[in-house]
Amino acid sequence: MTEHTAPVASPPRLTGPRTDPAPVADERQALTESLEYYRRTFELKCAGLSPAQLSERSVPPSTLTLHGLLRHLTGCERWWFRMQFAGEDVPNLYYSDDDPEQDFTDLGGDVDEAFSLWHEECARSREIVAASAMDQTGTRRSTGEPFTLRWLMLRMIGEYARHIGQADLVRERIDGATGE
């Protein structure tokens, strides 16, 4: 006699429009399309969730949330592209010396406004990239050392890839959704 078990339901799959980077491309196209791919992937990880779910912590005592990741990535876009690379005199977002982790710990404010600000910062980053050569340099504020746009693009691809991995786990914990 064999024991029958009910089939295990597959978790919901996240899907949405997203363009893969071209498999044959020059340096600028490859870096730009890869960063766009990861930006869109992060957005898909957050799709369809309520503000409360976006602010839901992963596993206590961790302060990791999708809302916090959104705030962190918004701050990274501004810090790296605008402040350090382009030398714009704009204030930090979600950061102070007194509370350097506030992007993750202080989730006040409207999530829709946070997404709007992220979209604005990404748009400004795109403008900076479009107007700059890959060999053009910015200056790291912490060390005064120069860095190229090429290096910055690679760094931001890594930043997004790392945080998308975290977002995968947070999203799966919230509603079981996986994919994208």
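The mean positions of the 19 positive and 30 negative charges of the protein lie 2 Å apart. In this count Lys and Arg are positive and Asp and Glu negative, while His and the chain ends are not counted; the place of a charge is NZ of Lys, CZ of Arg, CG of Asp or CD of Glu. The structure is a predicted model, in which local features need pLDDT of at least 70 and side-chain atom pairs count only at pLDDT 80 or more, whereas totals for chains, interfaces and linings use all residues. Residues are numbered from 1 along each chain as its sequence is written, and side-chain values use heavy atoms, with hydrogens and water left out.

The secondary structure comprises six helices and two strands, in the order α-α-α-α-α-β-β-α along the sequence. Helices (H or I, at least four residues) and strands (E, at least two) are DSSP runs numbered from the N terminus. Taken along the principal axes, the box filled by the C-alpha atoms is roughly 70 × 45 × 25 Å. Of the 180 residues, 41% count as buried, where buried means under 20% relative accessible area, exposed over 50%, and partly exposed in between (1.4 Å probe, protein chains only). Among contacts (heavy atoms within 4.5 Å) between residues at least 6 apart in sequence, 72% join residues at least 24 apart.

A salt bridge is defined as a side-chain nitrogen of Lys or Arg within 4 Å of a carboxyl oxygen of Asp or Glu. By this rule the count is 15. One of these joins the side chains of Arg-173 and Glu-56, with an N to O distance of 2.8 Å. Arg-173 belongs to helix α6 (residues 149–175) and Glu-56 to the loop between α2 (51–54) and α3 (66–85), so the pair ties together parts 117 residues apart in sequence. Both partners are partly exposed: the relative accessible area is 42% for Arg-173 and 27% for Glu-56.

A further salt bridge is formed by Arg-78 and Glu-121, whose closest N and O atoms are 2.8 Å apart. Since Arg-78 lies in helix α3 and Glu-121 in helix α5 (residues 111–130), this pair ties together parts that are 43 residues apart in sequence. In contrast to the partly exposed Arg-173 and Glu-56, Arg-78 and Glu-121 are both buried. In the salt bridge between Glu-88 and Arg-82, the closest N and O atoms are 2.6 Å apart. Glu-88 is buried at 16% relative accessibility, and Arg-82 is buried at 14%. Arg-78, Arg-82, Glu-88 and Glu-121 are linked with Arg-124 and Glu-127 in a network of salt bridges.

With residues up to four places away in sequence not counted, Glu-121 touches Thr-74, Glu-77, Arg-78, Arg-82 and Leu-93. The C-alpha atoms of Glu-121 and Glu-77 are 6.0 Å apart, although the two residues are separated by 44 residues in sequence.

Two loop residues were also examined. Tyr-94, in the loop between α3 and α4 (102–105), has a phi near 55°, a positive value in a residue other than glycine. Tyr-94 is buried, with a relative accessibility of 17%. Ser-132 is found in the loop between α5 and β1 (137–139) and is buried at 10% relative accessibility. Leaving aside neighbours within four places in sequence, Ser-132 is in contact with Arg-28, Phe-85 and Leu-149.

The structure holds zero disulfides, a disulfide being a pair of cysteine sulfur atoms within 2.5 Å. The closest cysteine sulfur to that of Cys-46 is in Cys-122, at 12 Å, which is too far for a bond. Cys-122 is likewise in no disulfide, and the cysteine sulfur nearest to its own, that of Cys-76, is 11 Å away. Cys-46 is buried at 5% relative accessibility, and Cys-122 is buried at 2%.
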